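I opened this entry to note what I looked up, beginning with the strands and then turning to the helices and the core.

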Amino acid sequence: MRHKNIGRKLNRNSSHRKAMFKNMIISLINFEIIKTTLFKAKELRRFFEPLLNLSKKNNLFNRRKLISKIGNKSIVNKLFFVLAPRFKNYEGGYIRILKCGFRKGDCSPMAYVEILNRDLE
């Protein structure tokens with residue numbers, strides 16, 4: 001039984017899942033839009049939104065916590081100084097998931113994950 005076990009396994013072990021979502025978060029913050037499978041996109045929301053909530057309050061504890069989770073100081077700076085001011089009035093729902101068809105090889109559903117109010121330049 002899977003009582004109180006939340007999240008999808010995505011046919012990966014825990015270290016692979018952790019590394020995959022860490023890379024996806026870095027790419028999402030860097031490019032503000034990524035294309036991935038629908039199930040990874042839905043699971044990415046669970047990892048990304050708490051990080052953006054932490055970045056809304058700029059203090060040393062939150063900065064160190066985000067650096068330990070993301071591991072890239074320039075991405076953390078972008079999170080604090082570019083993305084957090086954009087969402088200071090938002091309570092949640094920082095990303096949008098748009099379905100975009102199926103992958104050619106295995107017909108898995110694909111989706112775009114984009115940060116709301118992104119720069120179009």
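Before looking at any bridge partner, I wrote down that two strands count as paired if DSSP finds at least two bridges between them. I also kept in mind that this is a predicted model.

Entry on the sheet. I looked up the strand order and found that 3 strands form an open sheet, arranged E1-E3-E2, with antiparallel pairing. Strand E1 (33-37) and strand E2 (95-102) stand at the edges with a single partner strand each, so one side of each is left without a neighbour in the sheet. From one strand to the next, I noted, the twist averages 25 degrees.

Entry on one pair. I then followed E2 to its partner, strand E3 (residues 109-115), and found that the two run antiparallel and are joined by 6 bridges. Within this pair I looked up Leu98, whose bridge partner in E3 is Tyr112.

Entry on the core. The largest nonpolar core has 29 residues, and those with the most contacts inside it are Leu28, Ile29, Leu44, Phe48 and Ile70. I listed the elements that give two or more residues to this core, which are H1, helix H2 (38-55), helix H3 (60-70), helix H4 (73-86) and E3. H1 gives the most, with 7 residues. Finally I looked up Ile29 and, leaving aside residues up to four places away in sequence, found that Ile29 touches Phe48, Ile70, Ile75, Lys78, Leu79, Leu83 and Ile115.

Key:
Residues numbered from 1 in each chain as written. Predicted model: local features only at pLDDT ≥ 70, side-chain atom pairs only at ≥ 80, totals over all residues. Heavy atoms only, no water. Helix = DSSP H or I, 4+ residues; strand = E, 2+ residues; numbered from the N terminus. Axes fitted to C-alpha atoms, helices over the stretch in contact; angles between N-to-C directions. Core = buried A, V, L, I, M, F, W, Y, C linked by side-chain atoms within 4.5 Å. Buried < 20%, exposed > 50% of the residue type's maximum accessible area, 1.4 Å probe, protein only. Contact = heavy atoms within 4.5 Å.
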